[in-house]
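Subject: Structure handover

Hello,

Here is the structure to look over, sequence included. My notes follow below it.

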Amino acid sequence: MGIELKFVDLFAGLGGFHVALSRLGHECVFAADIDANLRDLYFQNFEIRPAADIRFCWKDVPAHDVLCAGFPCQPFSKAGNQMGFACPDSGDLFDYILKIIDRHRPAHLLFENVPNILRHNRGETWQRIRDSLGERGYDVACAEISPHEIGVPQIRNRAIIVASLGGLGGFTWPDKIANDSPLHINTVLDRRPNEATPLPDQYVKYLEVWEEFLDRTKQVESLPSFPIWAMEFGANYPLEPRAPRQLNRRYLARFKGAFGQKLSGLTEVEQIETLPAYVSSAMSPLPKWKVRFIEQNRQFFSDNRDRLHDWLPEVQSFPTSFQKLEWNWKDGKRTIWDKVIQFRASGIRVKNPSAAPSLVALTTSQVPVIAWERRYMTVRECARLQSLEELPHLPETKTAAFKALGNAVNADVVALVAERLLQTSAAGGENKILTVLQAAQSH
């Protein structure tokens, strides 16, 4: 097992770092998380009572060898505000990590965050992190790793950052499994678990209608790689150079809106309501990527009008999000019922069952759906996707559990990286660290 090291678990959440490093035989001496319910849960699972806001307890952190932190990703996520270090809620938290580093000089650092942190603010955010650690004597490296690349059936790219006072000369990232390695979500599923939430009848209906779409287009050589937006089937409203809602009523009356509905004879308000929502709300010209998707969908419908014309009324009554289909397995069998499904604001996403889509800290309705059993994944199954199956306690409500799991770090990924990082201590890294510390103290 090697040398037993002491580690701290900051922004601990469900304790993914704790699970990973404990597997390697190391001891947690401090944890912190701002969420009171997660602090109670952490105590139940690990018999350690986490501190709360690190801003007010950073001086309480004891000496340690390894600092682990999955610091909040919202300031850097594409799905968040992207305010970065300027975010008033959590943008300053990395500064408190630096205060702890300055106070204790841990031998190793291990961080996890969203991949966008490496590209945020044109790379300046990552440069600041790297420079601030480098100035303190740390060698720093980063890689994007997804659980599916190491054999866990979940596609969830994350930035893993490692740093060491002893240098990273002997450090290597974990090997990724071959692209043709067998991987299937079945490995984390229970057989028709009683606690599973069944897919509501209306959602089954959505899938049945889209299954009919697949059946009607089976003669098409391959499904489009672009998202299928049914509301553009039959539409021809103008796309450029101005936003459609900025055009006058008389001009718009020449065209058709969503699902080919005529815009003539309508009031100005009715015309706008007849356009797709992503167009009717636009006050400026549509972005080029959206124009491209619209044009591709219109052409697809033109090529398949005879097959799809009388199918359109079925999908027209759906909520806007579910009038869209994202087919994410180009060469997969032309059916929905052997796939993994996710109902998202961007559409119904249909994926290869070799891996689940990334767990996100959003609503329970976005939990992956096991189409062949017409049900959502259970909390325990999602815990396995995060390699946290050994946790005896999870949040009591499904909403809280899925949110916590979506925010968690994957324990298998962390364990593989940590094992390689911490080998520097067992391979004489302590002498290198001592040299660095003595040099720093002499200045």
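**First sheet and its helices**

Helix α5 (residues 124–134) lies across β4, β5 and β6 and runs at about 145° to β5. Angles run from 0 to 180 degrees between N-to-C directions, with axes as lines fitted to C-alpha atoms, for helices over the stretch in contact. Contact means heavy atoms within 4.5 Å. Helices (H or I, at least four residues) and strands (E, at least two) are DSSP runs, numbered from the N terminus.

A word on the source. This is a predicted model, where local features need pLDDT of at least 70 and side-chain atom pairs count only at pLDDT 80 or more, while totals for chains, interfaces and linings use all residues. Residues are numbered from 1 along each chain as its sequence is written, and side-chain values use heavy atoms, with hydrogens and water left out.

The strands β4, β5 and β6 belong to an open sheet of six strands, in the order β2-β1-β3-β4-β6-β5, with mixed pairing. On average, neighbouring strands here are turned by 15° against each other, direction ignored. Two strands pair if DSSP finds at least two bridges between them. Strands β3 (residues 66–69) and β4 (residues 108–113) run parallel and are joined by four bridges. Leu67 has Leu109 in β4 as its bridge partner.

Helix α1 (residues 16–23) also packs on this sheet. Helix α1 touches β1 (6–10), β2, β3 and β4, and its direction makes about 165° with that of β1. Six of the eight residues of α1 are buried, so the helix is mostly covered (buried means under 20% relative accessible area, exposed over 50%, partly exposed in between; 1.4 Å probe, protein chains only). Those buried residues are Gly16, Phe17, His18, Val19, Ala20 and Leu21. Gly25 follows α1, with a positive phi near 90°.

Start at β7 (residues 228–229). Two bridges join β7 to β8, and the two run antiparallel. Trp229 has Lys324 in β8 as its bridge partner. In strand β8 (residues 324–327), Lys324 and Glu326 point one way, Leu325 and Trp327 the other, and all are buried. β8 then pairs with β10 (residues 347–351) in the parallel sense, over three bridges. There, Leu325 stands opposite Ile348.

Next is β9 (residues 340–344). β9 runs antiparallel to β10, with five bridges between them. The two form a hairpin with two residues between them. Val340 has Lys351 in β10 as its bridge partner, and Gln342 stands opposite Arg349. β9 is also joined to β11 (residues 369–370) by two bridges, again antiparallel. In that pairing, Ile341 stands opposite Val369. Four of the five residues of β9 are buried, so this strand is largely enclosed by the rest of the structure.

**Phe318**

Where does Phe318 lie? Phe318 sits in the loop between α12 (312–316) and β8. Phe318 is buried, with a relative accessible area of 7%. Neighbours within four places in sequence aside, Phe318 is in contact with Lys205, Tyr206, Val209, Trp210 and Gln323. Phe318 and Tyr206 are 112 residues apart in sequence, yet 7.5 Å apart in space, C-alpha to C-alpha.

**Cavities**

A search of the whole structure finds three cavities of 30 Å³ or more. A cavity is a set of points on a 1 Å grid over the protein atoms alone where a 1.4 Å probe fits but cannot get out; lining residues have an atom within 4 Å of a point. Grid points are joined across faces, edges and corners, and a volume is the space filled by probe spheres set on the points.

The second largest cavity has a volume of about 60 Å³. Its lining is Glu112, Ile145, Pro147, Arg156, Arg158, Ile160, Val409, Asn410, Val413 and Val414. β6 (158–164) and α15 (411–441) are the elements that give two or more residues to this lining.

**Whole chain**

The protein chain has 15 helices and twelve strands. Buried residues make up 54% of its 443 residues. Among contacts between residues at least 6 apart in sequence, 67% join residues at least 24 apart.

Best wishes

Key: On a 1 Å grid over the protein atoms alone, a cavity is a set of points where a 1.4 Å probe fits but cannot get out, and a pocket is an open set with protein on both sides within 12 Å along at least five of seven lines; lining residues have an atom within 4 Å of a point.
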